[in-house]
Structures are given as structure tokens and as C-alpha cells.
2 protein chains.
Amino acid sequence: MYGSPSATFAFFACSFLLFFNDYISIAKAEDKNTYLSKRRSLLQEEWKITTGGGVVLNADELKVNSILMKWKAAEMSEAAKPKGFFPPAYNFMTVKAKIEESDVFRFIKKMPKGAALHIHDTSMASPHWLIRNVTYRPDCYMCIDKTGQLLFRLTKSQPVSSQCKWDTVNQYRSRSGNSSLFDAYLYGNLTIFTDHPAKAYRSQYEVWHQFGSAFQAVEGLVFNTEIFGAYFEQALTELYADNVQYVETRALLGPVVDLNGAVQTKDWAVTVYNEVQHKFSKQHPAFFGAKSIYITQRSKDLVSMMSDVKEAIRLREKFPDSVVGFDLVGMEDQGPTLEYFLDALLYPSQNGIKLPYFFHAGETDWEGMSVDANILDALLLNTSRIGHGYAIMKHPHIRKLLRERDIAIEVNPISNQVLMLVDDLRNHPAAPLMAEGFPLVISSDDPAMWGSTGISHDFYEAFMGLGGAWANLATLKKLASDSIRYSATGQTEKAALYKLWQKAWDVFIKDMLRQHWP
Amino acid sequence: MYGSPSATFAFFACSFLLFFNDYISIAKAEDKNTYLSKRRSLLQEEWKITTGGGVVLNADELKVNSILMKWKAAEMSEAAKPKGFFPPAYNFMTVKAKIEESDVFRFIKKMPKGAALHIHDTSMASPHWLIRNVTYRPDCYMCIDKTGQLLFRLTKSQPVSSQCKWDTVNQYRSRSGNSSLFDAYLYGNLTIFTDHPAKAYRSQYEVWHQFGSAFQAVEGLVFNTEIFGAYFEQALTELYADNVQYVETRALLGPVVDLNGAVQTKDWAVTVYNEVQHKFSKQHPAFFGAKSIYITQRSKDLVSMMSDVKEAIRLREKFPDSVVGFDLVGMEDQGPTLEYFLDALLYPSQNGIKLPYFFHAGETDWEGMSVDANILDALLLNTSRIGHGYAIMKHPHIRKLLRERDIAIEVNPISNQVLMLVDDLRNHPAAPLMAEGFPLVISSDDPAMWGSTGISHDFYEAFMGLGGAWANLATLKKLASDSIRYSATGQTEKAALYKLWQKAWDVFIKDMLRQHWP
């Protein structure tokens with residue numbers, strides 16, 4: 001690029017390969033032709049193995065691809081100029097608005113993306129919805145403890161504590177004298193969002209601290225019988241608006257309390273999720289539904305973990321259609337490791353019980369330290385998928401075995417960036433994973449925590465930042481269809497989900513053609 | 001790590017593997033033992049394929065390894081704490097002093113590292129040497145042009161120009177009123193060094209601009225018959241002090257002028273290099289010598305490139321023992337690409353002439369754009385090694401072919417970081433390359449440009465940041481011996497170089513044992 005003949009913006013491998021050469025003919029023609037023919041083969045070989053390299057686009061899709069790639073080429077060649085600006089190279093929280101101006105982003109937003117397979121149930125719906133619909137309730141109380149942590153509670157009677165002064169949120173808001181500033185303050189505490197992440201968070205520990213703090217605040221609002229179902233419905237509404245057809249949530253399942261403080265069972269939470277998703281799918285036939293992966297915090301001892309594993313087994317047996325497996329959450333670097341919980345995690349297989357695992361593993365930069373072996377234990381414990389797997393490129397042997405077993409990595413590019421594993425997403429390990437066509441799905445982890453919704457922003461980052469200039473509509477189609485392939489749906493369900501997505505895809509292609517084909 | 005039983009700092013694969021487990025025995029012993037045995041095998045399998053995994057350390061080396069790994073474990077476990085600080089995660093220019101306090105660094109500094117195979121001849125010796133020994137000369141002139149570019153010239157008579165006011169550096173210095181501040185100002189202009197790189201350089205283009213500007217300034221001082229040989233001798237002195245045994249420089253070979261402005265031939269420059277290195281090796285029998293890879297700027301047209309290729313052929317034929325090949329330099333993203341120069345680069349092979357290539361290729365984050373194909377053309381043009389190859393992980397097919405042909409990547413971690421391809425070096429592609437034992441050597445590219453000397457800082461970054469916690473003395477030994485293996489030395493020379501390095505290595509091991517073994 002940048003002004004030299006061969007260096008104009010070039011996708012050197014797409015589904016439509018162009019190899020126009022107009023060199024001054026100094027080289028002997030036959031040698032050069034042999035060279036160029038070898039070069040073409042290599043490029044085709046490279047493209048063939050990437051994510052989407054095996055997808056054959058039909059005539060309409062090829063047209064839509066050419067529309068998409070025109071936009072992409074324009075955006076990337078502009079970005080690659082000396083004073084250019086490439087959003088995936090910068091912290092998402094600072095470039096969200098810029099991304100949303102992009103034609104490529106708008107295309108992706110409308111595109112049926114299949115399934116969101118790695119998304120946490122208490123960070124799916126917009127905090128603005130919580131602020132508007134929960135914090136203005138007369139029974140919504142808050143306090144700020146000595147560490148500065150915001151706590152919320154919905155209750156019939158004023159909570160009392162010697163540690164923390166409880167008032168209704170409305171009282172706090174009214175005392176503040178400025179509702180909109182106060183609500184912005186709430187938003188800041190319900191998320192990790194900031195315009196200046198580099199200043200706000202100087203280490204992974206600092207951003208994880210705020211991350212944990214925001215979850216604690218959100219859960220005070222969500223884990224109440226009055227809100228729990230409505231929040232989930234709002235989450236499904238946002239995913240549906242983002243053109244996602246199906247979701248598997250990482251679900252804490254409470255503890256949910258009622259307005260009298262009575263604690264509900266996890267069974268209650270699962271039942272509410274089921275009712276909400278059934279109703280939602282009925283109202284929106286283009287939405288397929290939702291299932292839960294039961295999760296627990298990793299920061300506990302082995303005995304508690306054993307209880308959690310048994311609880312997961314019980315829930316899965318009681319709700320075989322909606323609780324599909326088990327996972328551990330929390331900052332992996334802080335431990336403990338999967339190996340530490342081995343006795344608990346081996347319990348199901350040792351007792352002939354099937355409990356699918358969907359382990360977070362390898363969400364770390366610390367190669368060779370104990371945390372880094374989680375990815376190995378996830379493999380040995382027969383995980384169904386791997387959450388993040390950020391460390392996978394540093395484990396070629398494990399990677400080979402995972403691939404042989406067709407175990408997909410759940411890639412959450414924005415999460416890894418804002419939680420400070422990587423700055424420029426072009427250095428994210430999913431770039432080489434996509435280049436070698438490793439099984440993977442794109443998801444958003446905790447979109448509400450950093451001002452995202454659904455999975456479109458993450459798809460945009462993957463398409464522009466991880467897939468390189470040559471990633472095209474075939475890549476996107478593969479990512480969407482693989483999200484169905486690697487979902488924890490039964491055979492019949494999977495076929496139905498695939499059909500539903502394909503229908504939405506075909507409509508999308510027709511719409512794009514109608515709107516953008518000359 | 002961080003306080004849980006299994007999570008204490010652990011190198012999970014070293015040459016001495018420890019698998020102590022003291023779990024509460026809930027799991028059935030036989031199943032768990034099977035699991036742990038599989039786990040051990042996997043860890044061993046992973047270690048075996050890493051860089052150094054195949055090296056068998058002798059008894060003395062194992063002792064030295066345990067000394068080294070005690071230091072490394074202490075430094076890494078400290079760094080991994082919530083308020084810890086891990087130098088490879090930060091721009092080298094901001095952590096150089098911190099690195100130099102490290103026991104691991106001091107160990108590496110003393111260790112015989114073999115060959116520096118990717119280092120540019122005008123950025124090998126300290127700019128402080130240039131400032132002290134050249135800029136105080138009465139015949140050393142400088143001017144500052146309209147763009148703020150510092151230019152130097154050594155000449156018998158005052159240079160005259162309507163564009164730029166030439167004075168001796170001494171006049172400038174004396175007018176400044178503060179010699180040490182003035183010399184610091186010179187240092188700033190002869191390097192890209194700054195305490196605040198994030199503020200000074202907001203893009204790769206900005207840092208490359210200063211990089212080019214600093215080279216222009218340096219070359220004004222070095223490319224003079226009075227200085228050229230002395231500068232090279234100083235470069236060898238610094239490499240030797242850094243315990244490097246042999247060097248292959250990327251050499252521009254001028255144009256060097258004398259004090260009357262008469263331009264010397266490239267043959268003159270090669271002859272000076274040969275004289276200096278022969279004399280130096282004679283004075284320092286533990287130093288093996290130096291060879292040159294003739295380089296030219298890539299920012300030119302095809303006809304000029306053809307002349308350069310022919311010049312390279314001529315120089316190699318005339319100096320078969322010291323000019324070993326040809327390469328193109330300059331910001332790859334700015335182009336042109338290798339493909340653009342195909343007619344020139346095919347010329348030797350088409351005419352039955354052997355001209356080994358040592359191409360810079362893949363020094364880019366722009367996957368799928370035309371620049372990204374350089375790595376493919378380097379392969380097709382039968383490059384002997386690849387400079388940087390930063391993009392290689394995004395080209396699995398090319399990587400496989402390069403590996404089959406045993407073509408090594410010259411990794412320059414600090415260069416890639418300060419020139420802004422990556423921030424945290426744990427995200428550098430050489431981490432996965434080392435994990436899969438891909439042939440590679442560690443070098444320093446342009447150490448003088450960012451306040452480094454020799455290759456020890458880069459070895460430190462590779463050992464701590466790229467190799468992960470498990471990289472140990474076997475890793476370092478492999479990196480050092482591979483630098484000899486992939487050098488462009490003839491068979492007899494290589495054996496002699498290897499012998500010389502082995503001797504230094506054995507002395508080093510004995511010294512370490514004497515100093516640090518209890």
C-alpha cells in the first residue's frame with residue numbers, strides 16, 4: 001500500500017482472487033510465471049485453511065460479499081494510512097462510538113449471528129435499563145460501605161446496618177440535586193466503563209477489582225424476585241435486537257431473594273429463566289431460546305466445590321433441557337486452579353454421572369505458571385468447550401488434542417482487551433487461531449460491563465482485528481454457523497436452530513441485496 | 001498461585017519435574033492416579049517440544065539451572081502479585097533500569113550467547129561513544145534543517161548551504177551554555193529514546209519517523225572515513241563485553257565520505273570492516289568475528305533495486321568470506337513489497353547465481369494486506385532466514401513450510417515493542433513460536449536506538465516474557481547454540497565457532513557454580 005504499484009490496498013486472498021501483475025519485464029517470463037503460479041497456490045492454500053475458507057458462497061452471497069468487502073477495504077485502507085485510525089487497536093471503551101459509525105459494523109449488527117455461547121447472566125442487559133426500571137422503585141435501597149462499594153437491596157422494610165447507612169436510591173438521588181449526574185454515577189458503579197481506561201486501571205488487578213465491585217452492585221438489583229425474570233427478558237430482548245438467535249448463559253442462579261428477604265432456591269431461578277425464554281420465543285418465533293451453564297465462584301475450598309458439583313448434577317438431572325453443564329468463574333490468575341479442585345471435578349465421571357463442563361481456562365498472560373495449566377486440565381476433564389482459552393497458542397500440543405476432539409474456544413475479544421490481557425487486538429491469539437481454522441465461536445462475555453450490547457461489537461472486532469483484511473462474508477457465515485454447531489443443543493434442537501438461523505440469513509442476504517446492490 | 005494450595009508459584013515443566021499432590025482424598029485413588037499420570041505425560045510432551053525441550057543438561061548445568069530458576073521464580077512470583085511489576089509487559093525504554101537490577105538479567109549478561117544475527121551496522125555502538133568521540137572534533141559540523149532534522153558532517157572546510165546553517169557542533173554546544181544538557185539533546189536526536197514513549201509516539205508512523213531521523217543523524221557521524229572503522233570497532237567491543245561471540249550485521253556500507261567529501265566505494269567499507277574484525281578477533285581470541293549482509297532501502301523503484309541486487313552479487317563474489325547475502329530495509333508497512341521487486345529478486349536464480357537472501361518480512365500487524373505477503377515471498381525466494389517474521393503466526397501454512405526447510409526467524413523482541421507492534425511482550429508471536437520449538441534466534445535489531453547494548457536485554461525479554469515461567473537454562477543454551485546453527489558461516493567456520501562458544505559456555509558454568517553454589 002501507500003503509493004507504490006503493488007502496495008495498494010489488497011486482500012490477497014478472498015473468495016475471488018485477483019492476481020493482476022504488470023511488472024516491468026526484466027525477469028524471464030517462464031520463471032516468473034512459475035513463481036507466480038506457486039504464489040497463487042500458496043495463497044489459496046492459506047485461505048483454504050482459515051475460518052470460512054471452506055465455505056462456498058452462492059451467487060447472492062457473492063454479491064453481498066462484494067458490497068461488504070468494498071466497505072471493509074475502504075475502512076481498512078483509510079485506517080492503514082500514516083494518520084489513520086484502526087479501532088481494534090484501541091481499548092473498546094474509547095472507540096465504541098467510532099465502531100458504531102462503521103458500515104462494516106452496521107452490516108454485522110443486522111447479520112443473523114447464531115448463538116451467543118459465552119455470556120454471563122448478570123451482565124447481559126443494559127445497566128441503563130436497571131437504572132430506569134429498578135433504582136426508581138420506592139422499595140429499592142442503597143448504601144455505600146466503608147470501602148466505597150455500592151450495595152443495593154429491594155425490600156419491603158428499610159434495611160438496617162451498623163456498617164452502612166441504607167436509604168432509598170430515590171433519597172440519595174434527590175439529595176444529589178442532579179438526577180442525570182446521579183444516574184451517570186450509578187452507571188459508573190454498575191460497570192467498568194470509563195472514557196480513560198489507561199488512567200483508571202493500571203493493572204489487571206485494578207480492573208478486575210472494579211469488575212467484581214460492579215457485579216456486586218448489579219446483583220443487588222437483579223437477584224430479587226421482582227426483577228430477576230424481567231432482567232432476563234430484557235437481556236433476551238437486547239440479544240434478539242442484535243440478531244442473535246440463541247443463547248447459553250453462564251448462570252449464577254442467585255441467590256435470589258424476595259421483598260421479605262426470603263431466599264429462593266436455584267430451582268426457582270431455573271424455572272423463571274425457562275418461563276421467560278419460552279414466552280419470549282413464542283412472542284418472537286425468530287428467536288430459538290436460552291439454556292444455562294450453572295457457574296460457581298472459583299475462590300472457595302475443595303469441600304464447597306464438591307457441593308457445587310453435586311448441585312450442578314442435581315440441577316442438570318432435574319432440568320435436562322435447560323441446565324446444560326457446569327463452570328467455574330472469577331479471575332483465573334487469582335486461582336485456585338482446576339487442578340486444585342480435581343477431586344470435586346472428577347466426582348461425576350468417577351460415579352458414572354455425565355456432567356458436561358464448559359470451563360473458563362487459559363484467561364491469562366502468565367505462561368508456565370500454575371494458572372496456565374488450567375487449559376490442560378480442562379482438556380483432561382473432557383470440557384465441552386473452553387471459555388477464553390487465551391493461552392492456547394502457548395500450548396501447541398494441547399491445541400492439537402483439542403482440535404482432534406473438535407473442542408471449540410469461546411473467544412471474547414473485547415473482554416480480553418478491556419480486562420487488559422492485550423491492547424491491540426491484532427495481537428490477540430484468536431488471530432492465529434482463525435488463520436489456522438481452529439474451531440471457535442465469538443461471544444461477548446459481559447457486554448453490559450463495558451457499554452456493549454449483544455455480540456455485534458465482538459463480531460466486528462473479530463472480523464476487522466482478528467481475521468485480517470482477507471476475512472470476508474464466508475468468514476462471518478462460518479462464525480455464525482459454528483456457534484450453532486458448538487452449542488450444547490441436542491441433535492433435533494440443533495437442526496431446528498440451524499434451520500431458523502438459515503431462514504434469517506437468507507432474508508438478510510435478500511435485504512442487503514435490495515438495499516445495496518446497484 | 002496467590003495463597004491456594006496448588007496455586008503457589010509453579011514451573012509446571014522444567015528439566016526437573018515435581019508432581020507432589022496432597023489433595024483431600026475424596027476422589028477414587030486409582031482414577032485420580034490415572035488422571036495425574038496422563039497429566040504428567042501431557043506436561044512432559046509440552047515441554048519436550050518447546051525451545052530447549054530437547055536439550056539434556058549435564059550435572060553442573062543442572063546445578064546452575066537450579067540457581068537461575070530460583071532467581072527467576074522469585075522475580076516472577078513477585079511480579080505476578082496484585083501490586084507486582086513485570087518488566088516485559090512494559091515498553092523497554094521505561095523499564096531498562098529495572099531490568100538491569102534483575103539477577104536473571106545479570107546471569108544472562110554474563111552468559112555466552114553465541115551470535116547476534118540481526119543487528120544493523122549503524123545502530124550497534126552506543127550514541128554516547130559517538131557524542132564523546134566524534135561530536136567534539138573540531139571538524140564535526142551540524143545543522144538543523146527546516147523540518148527540525150539534525151544533520152552532521154565531518155569535513156575539512158565549513159559546509160555551506162542556503163537551506164541550513166552549518167556550524168561546528170562545538171560552536172552549537174558552547175552557545176547552548178550547558179554541555180551536558182546539549183549532549184543529552186544530541187542523544188535524543190541520535191536515538192528514539194524517551195522516558196515517555198506513549199506520549200512521544202502516538203502511532204507506528206510517528207515512532208518510525210523519529211527512527212528514520214535518528215539514523216540520518218547517526219549516519220552523518222559514522223559514514224566518514226575518520227570514524228567508520230572506529231565505530232565498528234566500538235560496536236564489536238560492546239558486543240564482546242556483552243558476551244556475544246560472533247555477529248552478522250545488516251550493512252548499508254555507506255556511502256562513506258572522507259574529510260574532503262570524496263565518496264568511498266562499498267568495497268572500501270567492506271575492506272575496513274574486515275580489517276577491523278580481523279584485528280579485533282586477534283586481540284580477543286574469545287571473539288570469532290563478523291560478517292555483513294548487504295542491505296538497501298526498500299523505498300525505491302524496481303530499476304534501482306536491480307542495480308542493488310547486481311551490486312550485492314558483485315560484493316559477494318569479491319568478498320565471499322565476509323559479504324554473505326542481501327536484504328531490504330525500511331518500514332515494511334510503507335512498502336513496496338517484495339512482490340513489487342520480484343523481477344530484481346528473481347534475477348540471481350534466473351541467471352544461475354547464488355545470492356543468499358536474509359529478508360525482513362512480516363514486520364507488520366496488518367494481516368491480509370499486501371505487506372503481509374512478504375513472508376510468503378521471502379519463502380518463495382528461498383530466504384536463508386527471516387528478519388522479524390512478526391506476522392508468522394497468522395500464516396500457519398507458510399510457517400509449516402519454513403519449518404520443513406529449517407528456516408529460522410530472527411526475533412527482536414524489544415525492537416518490535418518500541419516500534420509499537422506489541423505492548424506486553426507476552427503477546428509477542430515468538431511466545432507461541434518458542435512453545436512449539438520453531439527455529440529462531442534472538443537478536444536486538446538496533447540496540448543503540450533505544451538505549452540497549454548487545455543482545456542481553458533481548459535475551460532477558462525472551463527468557464522472561466516469551467518463554468514463560470518454564471523456560472530455563474536448557475532454553476537459553478538452545479537459543480545460544482541455535483544462533484550458531486543458523487549463522488551464515490561455512491561448515492568449518494561453524495564448527496570452530498561452536499567450539500569457541502562451547503569453551504566460553506563451560507567457563508561460564510564453572511564461574512556460576514563457584515560464585516553461587518552453596
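Both B:Arg250 and B:Asp327 are buried (under 20% relative accessible area, with exposed over 50% and partly exposed in between; 1.4 Å probe, protein chains only). The model is predicted: local features need pLDDT of at least 70, side-chain atom pairs count only at pLDDT 80 or more, and totals for chains, interfaces and linings use all residues. Residues are numbered from 1 along each chain as its sequence is written, chains are lettered from A in the order in which they are written, and side-chain values use heavy atoms, with hydrogens and water left out.

**Salt bridges**

- A salt bridge is a side-chain nitrogen of Lys or Arg within 4 Å of a carboxyl oxygen of Asp or Glu; the count over all chains is 64.
- B:Arg250 pairs with B:Asp327 in a salt bridge, with the closest N and O atoms 2.7 Å apart.
- A:Lys291 and A:Glu493 form a salt bridge at 2.7 Å between the closest N and O atoms.
- A:Lys291 is buried at 6% relative accessibility, whereas A:Glu493 is partly exposed at 27%.
- A network of salt bridges links A:Glu248, A:Arg250, A:Asp327, A:Arg385 and A:Glu410.

**Second largest pocket**

- The lining of the second largest pocket comprises 15 nonpolar, 14 polar and 8 charged residues.
- Helix 9 of chain A contributes the most to this lining, with 10 residues.

Methods
Helices (H or I, at least four residues) and strands (E, at least two) are DSSP runs, numbered from the N terminus. Ala, Val, Leu, Ile, Met, Phe, Trp, Tyr, Cys and Pro count as nonpolar, Asp, Glu, Lys and Arg as charged, and the others, Gly among them, as polar.
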